[in-house]
Amino acid sequence: MRKGNFFFCIFLIAIAAYATFAATGWSFKTKLFPLAVSIPLLTLLVIQLLLMIGGKEQTGESAVMDIDFSIEVPPEVARRRVFGIFGWIVGFIVLVYLLGFPLTVPLFIFLYLKLQSNIGWLTTVAITVVTWGCFYLLFQSLVHIQFEAGAIQSWLGM
Amino acid sequence: MFDAFIEGLILVLQWKAFSLMLVGMALGFCVGLLPGIGGAATLALMIPFIFKMSPAEAFAFLLGMHSVAATTGDITSVLFGVPGEAISAATVVDGYPMAKKGEAGRALGAALMSSLLGALIGAVALALAVPIVRPLVLTFGSPELFMLSLIGISCITSLSGTTTRGQIKGFAMGLFGLLISTIGQERQSGSLRFDLGMMYLWDGLDFVPVLVGIFAIPEIIDLAVRGTSIAGDRPPENLSSGVMEGVKDTFRHFWLVFRCSIIGVFVGIMPGAGGGVAQWMAYAHAVQSATDSKERGGFGKGDIRGVLGPGAANNSKEGGELIPTVAFGVPGSGAMAILLSGFLIMGIMPGPEMLTKHLSLTFSMVWTLAIANVITVILSLAILDQLAKLTYVRGGLIIPFILLLVFVGSYTANGQIADLIVTLIFGVLSYFMVLFGWPRPPFVLGFVLGKVIETYLFISMTRYGFSWLTHPIVLALMILMVVVIAYPYIQQRRQRAREPAHA
């Protein structure tokens, strides 16, 4: 945990350092605000990093005004589930890119319910059809959101 | 004056205006529930439909829709941890943990009742303030608004940790949010900043994909990890009594709700600040109401005051935003700018005439805000216990739908796949922020306020050089900012001094 926090702090320092370095080459008007922000940010992050290195960072202290992740699940299982859900999220985006939203919605709902949640065939099909119907009615017929065609449709000239 | 007040009510209660208000409210209800489809965008979509309406009908329709969207946005925030509207993001911080504790009904009851009180206070403020607010708005130039925005960020960052070291992370996150807001074209010179050679970044990052990613993705991950329903394996609360408990909470903390409503009105009056700021300032004030650091540590973990404050401010700011829009034709937000175009379509010029010739129309807006919110809250309270049951549906069934809402919502920002990638990137960032205890609220407020702050800073520097730093109101606001930052330390010291005495 401490190691991860340390690397996260390094990551933020890298961003702040990059921002400071990139901004120095700009005109006064353009760089005024980014530098006014990035320099104090870099300073605070370095202080935070030094506190961590010096062991003065209080471990286990969660942020006030923010949620805590559940700790009831064993770390190994939790890690596996985190990777699993990230996989589904990335898969959803890849599907949207390849097939477009209108096809991805029923396909994703069907696959998730069947493969991840192990729901019975009938319920899965019923939920998929209802979701697709709601999606079509609400976002396409009523709100008229223009969904881009997927890459596959474009390649096929559809 | 009183005659105009009653005439305003009669205008709203005419069958056509009232029916159109109900149609607007139904639209606003759906828009509020769906993440990403903002109230402002829907206002813009509905503008073409008002051409054949009378002014009173048009404003009943538009304002009915707009005011309700802010109220129902809280429902999605509490139930799924996905902000229904960008302006209801602060409700997620304590509302969703309450849902996880099996108290969704209570959180929803509190959110809706505080929204109603906030809306009524906003409407009263609109009715009372129009004649007297002019000097206040004219006194606040860019330097004062710049300082006011800084106070907003200071409020939230100074309360981000129970210790000094915890606050370093808070301030760092606030600055990080400000830095992210500088991505894209610089408004004054048009120069590109941090665009990484991508045209998508030229306009900067849109609020919706970032906010949805920041708040929704970690909640979805947590839900997937737990493998239970949102409310976990807890026995179902008595949902309807939970809703009533939330309603009672609103009156138990009435003065907090009142103060947060006033904050909402005040922020609403200030051009450019908007609901994104009002909710967080109100949230910070709610956190400040904690008597000691231990109690403050409960915020973010399901403290009812964290739901009441933003709920009240979100809706009271509607009345506040209408004040400069109606009285001077200066819109306080994007939604008000669209509403202003509605005024012009109706052939009405906002300004002094709204206080003389069109006074009854001005009061009809006050009545619309009040009536629309009363009806929405009564209807919502009737169905809340059913909605709260969603938190007991097993996670495996509900996750794909939340993901769908999240990504369709973020896609509506620009209609590009890149919006989804932005949501994912900020979702991952947010996951690590929560995992390692870096607070998200300061980041979000910094991001929301960044462009506004930069514009005010630029105008102040161009117009006054460094002399704006000596303006009396700026100096007063600087002192206030120091007090705001020092307040948690003072509170901690006082508590420490008190503890040995009690021991």
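**Two chains, one predicted model**

Chain A is divided into domain 1 (2-53) and domain 2 (75-155). The model is predicted.

Colleague: How far apart are the centres of domain 1 and domain 2 of chain A?

Modeller: Domain 1 of chain A covers 2-53, and domain 2 covers 75-155. Taken over C-alpha atoms, the distance between the two centres is 38 Å.

Colleague: In which helix of chain A is confidence highest?

Modeller: Over chain A the mean pLDDT is 86, with 92% of residues at 70 or more. Confidence is lowest in helix H5 (residues 121-142) of chain A, at a mean of 86. The highest value, 93, belongs to helix H3 (residues 75-99) of chain A.

Colleague: At which residue does H2(A) bend?

Modeller: Helix H2 of chain A runs over residues 28-53 and has 26 residues. From first C-alpha to last, H2 of chain A reaches 36 Å, close to the 38 Å expected at 1.5 Å a residue. A:Pro34 is also listed among the buried residues of H2(A), which include A:Phe33 and A:Val37. The bend in H2(A) is about 35 degrees, and its place is A:Pro34.

Colleague: Which residue just after H2(A) takes a positive phi?

Modeller: H2 of chain A covers residues 28-53. Just after H2(A), a positive phi of about 75 degrees is found at A:Gly55.

Colleague: Which helix gives the most to the side of chain B that touches chain A?

Modeller: The contact takes 63 residues from chain B and 57 residues from chain A. Helices of chain B that each supply at least two residues of that side include H5 (89-100), H10 (207-226) and H20 (440-464). With ten residues, the one that gives the most is H9(B).

Colleague: How many nonpolar residues has the side of chain B that touches chain A?

Modeller: Chain B brings 63 residues to the contact. By class, 16 of the residues on that side are polar and ten are charged, while the nonpolar ones number 37.

Colleague: Is B:Gln279 buried or exposed?

Modeller: B:Gln279 is in helix H13 (residues 275-288) of chain B. Neighbours within four places in sequence aside, B:Gln279 is in contact with B:Ile87, B:Ala89, B:Ala90, B:Pro310, B:Ala313 and B:Asn314. Because B:Gln279 has 36 C-beta neighbours inside 10 Å, and 20 or more is the cut-off, B:Gln279 counts as buried.

Colleague: How far apart in space are B:Gln279 and B:Thr291?

Modeller: In sequence, B:Gln279 and B:Thr291 are twelve residues apart. In space, C-alpha to C-alpha, the distance between B:Gln279 and B:Thr291 is 21 Å.

Notes: Residues are numbered from 1 along each chain as its sequence is written. Chains are lettered from A and ligands numbered from 1 in the order in which they are written. This is a predicted model: local features need pLDDT of at least 70, side-chain atom pairs count only at pLDDT 80 or more; totals for chains, interfaces and linings use all residues. Helices (H or I, at least four residues) and strands (E, at least two) are DSSP runs, numbered from the N terminus. The expected span of a helix is 1.5 Å times one less than its number of residues. The bend at a residue is the angle between axes fitted to the seven residues ending there and the seven starting there. A residue is buried if 20 or more other C-beta atoms lie within 10 Å of its own, exposed if 12 or fewer, and partly exposed in between; C-beta atoms are placed from the backbone. Two residues are in contact if their C-beta atoms, placed from the backbone, lie within 7 Å. Ala, Val, Leu, Ile, Met, Phe, Trp, Tyr, Cys and Pro count as nonpolar, Asp, Glu, Lys and Arg as charged, and the others, Gly among them, as polar. Domain bounds come from an automatic or database domain assignment. pLDDT is the predictor's confidence in each residue, from 0 to 100.
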